[in-house]
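Here is a walk through one model, taken a piece at a time. Keep the sequence and the 3D view side by side as you read.

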Amino acid sequence: MAELEICEVGPRDGLQSASRTLSVAERVSFIQGLYDCGLKKIEVGSLVNPKLVPTMADSDEVFSTVCDAAPTNRDNFSLLIPNEKGLSRALEIGCTSVAFFTATSETFSKKNINRSVGESLEDLRHLMQHAKEKNPRIRLYISTVFDCAYEGMKQPEKDLIAFLPLFDAVDEISLGDTTGKATAQQVKALVESRLLESWRQKLWWHFHDTYALAEDNVSLAMDLGFTRFDSSAGGIGGCPFSPGAKGNVATEKVLAVAAVKGLSHSVRLPLASVR
Ligand code: HMG
Ligand code: MG
């Protein structure tokens, strides 16, 4: 039986646009609760400019606290990193799993990280070089793969070509449907284009659920043989720089679809309560 893998992004993507900033203790308790449910791979926060994303302030403290409480689980907890400053801090506090991020949309990229796509690609090359110091596990998020809040529908088979040279150097590639507008036809077309076939084992799907399309997309991706998904407990979340974007697909929904498809997993949630 194939095994479902979930990257639980609730503590980062889920909380980053929350209306209230949770204290470090509240975030730690949330993360520990998720871990105790069997969600072993958790993005616990982001080291971004706290003036822009106040909800993620002190993510370094969140990371250190969860690791201090369970030192053997350190490799399971990752941090989202935008630049050299964030990476230096992550490596300094012993983070062994970092997530870099970029986008295919020029407009979103400028609004999100104040970089053009070309500048972001250049920054990523430096970040990957810098990361070699400590050799952390590297995830690369690519946002706006299918659609952008500012530019509309994207052309993944064309737009992703610029990012291919980075893929051999990373451990995970997370394809972001930032606005939640991706359709199953778009997902199928991207897979069938075989553009990403060489990196199939590294692919993670990151669907937001703004228009209730995520479940269909997860289902289709599973039918196509994919088993790795990002999700957030309760479907909380959204990107503050993508107006209108709602939460990630709920972890509970992914588990429910996985149950129908016969994928195994070790998450202990009361599935009866999720629909
Ligand atoms: P910038 O203005 O180009 O950076 O921002 P800068 O180097 O000029 O610095 C400006 C200020 O930011 C300075 O502080 C720096 O110290 C501070 P000041 O002098 O004004 O007090 N700064 C930092 N502080 C803490 N940690 C850092 C850091 N870097 C600079 N690492 C930057 C560039 C990327 C930092 C900024 O634009 C930023 O923080 N953006 C936030 C991006 C973000 O968090 N977006 C949401 C996550 S992405 C997402 O949700 C999508 C995803 O889920 C996938 C999907 O759904 O598609 C991953
Ligand atoms: Mg996201």
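Start at ligand 1: there are 28 residues around it, and Leu47, Lys51, Asn112, Ser143 and Thr178 come nearest (a residue is near a molecule or strand if one of its heavy atoms lies within 4 Å of it). Keep in mind that this is a predicted model, where local features need pLDDT of at least 70, side-chain atom pairs count only at pLDDT 80 or more, and totals for chains, interfaces and linings use all residues. Residues are numbered from 1 along each chain as its sequence is written, chains are lettered from A and ligands numbered from 1 in the order in which they are written, and side-chain values use heavy atoms, with hydrogens and water left out.

Some polar side chains reach oxygen atoms of the ligand. Lysine 51 puts a side-chain N or O atom 2.7 Å from an oxygen of ligand 1. A polar side-chain atom of arginine 12 sits 2.9 Å from a ligand 1 oxygen, and for arginine 115 the figure is 3.1 Å. Taken on its own, ligand 1 has 1,100 Å² of accessible area, and the protein covers 76% of that (areas come from the Shrake-Rupley method with a 1.4 Å probe; for residues, only the protein chains shown count as cover).

Now for the metal. Which residues coordinate the magnesium ion (ligand 2)? They are Asp13 (OD), His206 (NE2) and His208 (NE2), at 2.0 to 2.2 Å. Donors here are N, O and S atoms within 2.8 Å of the metal (3.2 Å for Na, K and Ca), and water is not among the atoms, so the site may look incomplete. Along the chain, the donors of the magnesium ion follow the spacing D-x192-H-x1-H. Aspartate 13 lies in helix α1 (residues 10-16) and histidine 208 in the loop between β9 (203-207) and α9 (214-223), so this pair ties together parts that are 195 residues apart in sequence. Helices (H or I, at least four residues) and strands (E, at least two) are DSSP runs, numbered from the N terminus.

Is aspartate 13 buried or exposed? Its relative accessible area is 2%, so aspartate 13 is buried; the cut-offs are under 20% for buried, over 50% for exposed and partly exposed in between (1.4 Å probe, protein chains only). The side chain of aspartate 13 makes polar contacts with the side chains of glutamine 16, at 3.3 Å, and asparagine 248, at 3.2 Å. A polar contact is a pair of N or O atoms within 3.5 Å; within protein, one must be able to donate a hydrogen and the other to accept it, and residues adjacent in sequence count only if both atoms are side-chain atoms.

Glycine 176, in strand β8 (residues 172-177), is buried at 3%. C-alpha to C-alpha, glycine 176 is 8.0 Å from histidine 208, though 32 residues separate them in sequence.

Serine 46, in strand β2 (residues 42-46), is buried at 2% relative accessibility, and its contacts beyond four places in sequence include Arg12.

Finally, a word on confidence. The protein averages a pLDDT of 96, and 98% of the residues score at least 70; pLDDT is the predictor's confidence in each residue, from 0 to 100. Over residues 271-275 pLDDT stays under 50, and the model has eight contacts for them beyond four places in sequence.

Conventions
Contact = heavy atoms within 4.5 Å.
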